[in-house]
Amino acid sequence: LSTSKPKPAAWDSLDDEASSEKSSAEKAAIKELFPLVGTSVVGIVETNQFKHLCHISMKFQPGNDTRIKEYLSQRLSEVRAANSVLTSQLGQSRENVAQLSS
């Protein structure tokens, strides 16, 4: 079962770049999109006359409301923690500069 999904607008320009930039050894980076039921897989594949070598492959799954909120809340917690550390370091740096300039 395969479903037809529309390609993003930037996909066509990326496709043109990959197919037009072939090296002297006739190697090319080719993108592959395998639409599956509920998921999509995007891969970067190097091809030559002997083999197809997949360099990276990413699987995309649709998220539901709960999973998306959990993911975003975790990222927000990480950003807040990093902000706290940087604010503390900035305070320390200001104190050091004030002591050195006195």
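1. A hairpin of four residues connects strand 2 to strand 3. Helices (H or I, at least four residues) and strands (E, at least two) are DSSP runs, numbered from the N terminus. Strand 2 covers residues 40-47, and strand 3 covers residues 52-60. The two strands pair in the antiparallel sense over eight bridges; pairing requires that DSSP finds at least two bridges between the strands.

2. The model is predicted: local features need pLDDT of at least 70, side-chain atom pairs count only at pLDDT 80 or more, and totals for chains, interfaces and linings use all residues. Residues are numbered from 1 along each chain as its sequence is written, and side-chain values use heavy atoms, with hydrogens and water left out.

3. Val-41 stands opposite Lys-59 of strand 3, and Val-45 stands opposite Cys-54 of strand 3. Strand 2 is mostly covered, with six of its eight residues buried. Here buried means under 20% relative accessible area, exposed over 50%, and partly exposed in between (1.4 Å probe, protein chains only).

4. Which residues does Lys-59 contact, leaving aside its neighbours within four places in sequence? They are Thr-39, Ser-40 and Val-41, where contact means heavy atoms within 4.5 Å. The C-alpha atoms of Lys-59 and Thr-39 are separated by 6.9 Å, although the two residues are 20 residues apart along the chain. Lys-59, a residue of strand 3, counts as exposed because its relative accessible area is 55%.

5. Ile-44, Ile-56, Met-58 and Phe-60 make a nonpolar surface patch of about 360 Å². Strand 3 supplies the largest share of this patch, three residues. Patches are made of residues with over 30% relative accessible area and no salt bridge; like charges are joined within 9 Å, and nonpolar side chains (Val, Leu, Ile, Met, Phe, Trp, Tyr) within 5 Å. Phe-60 lies in strand 3 and is partly exposed, since its relative accessible area is 42%.

6. The structure holds two salt bridges, each defined as a side-chain nitrogen of Lys or Arg within 4 Å of a carboxyl oxygen of Asp or Glu. In general, side chains of opposite charge can pair when their charged atoms come close.

7. Glu-78 and Arg-75 are three residues apart in helix 2, so about one helical turn separates them. Glu-78 counts as partly exposed because its relative accessibility is 47%; Arg-75 counts as partly exposed because its relative accessibility is 27%.

8. At the level of the whole chain, there are two helices and three strands, in the order α-β-β-β-α along the sequence. Buried residues make up 11% of the 102 residues. The chain exposes about 8600 Å², of which carbon and sulfur atoms supply 57%; accessible areas come from the Shrake-Rupley method with a 1.4 Å probe, and for residues only the protein chains shown count as cover. Among contacts in the chain with a separation of 6 or more, residues 24 or more positions apart account for 12%.

9. Confidence is the final point. The chain averages a pLDDT of 75, and 64% of the residues score at least 70; pLDDT is the predictor's confidence in each residue, from 0 to 100. Where in the chain is confidence lowest, and where is it highest? It is lowest in strand 1 (residues 28-35), at a mean of 48, and highest in helix 2, at 96. Over residues 23-31 the pLDDT is below 50, and this stretch has 25 contacts in the model beyond near neighbours in sequence.
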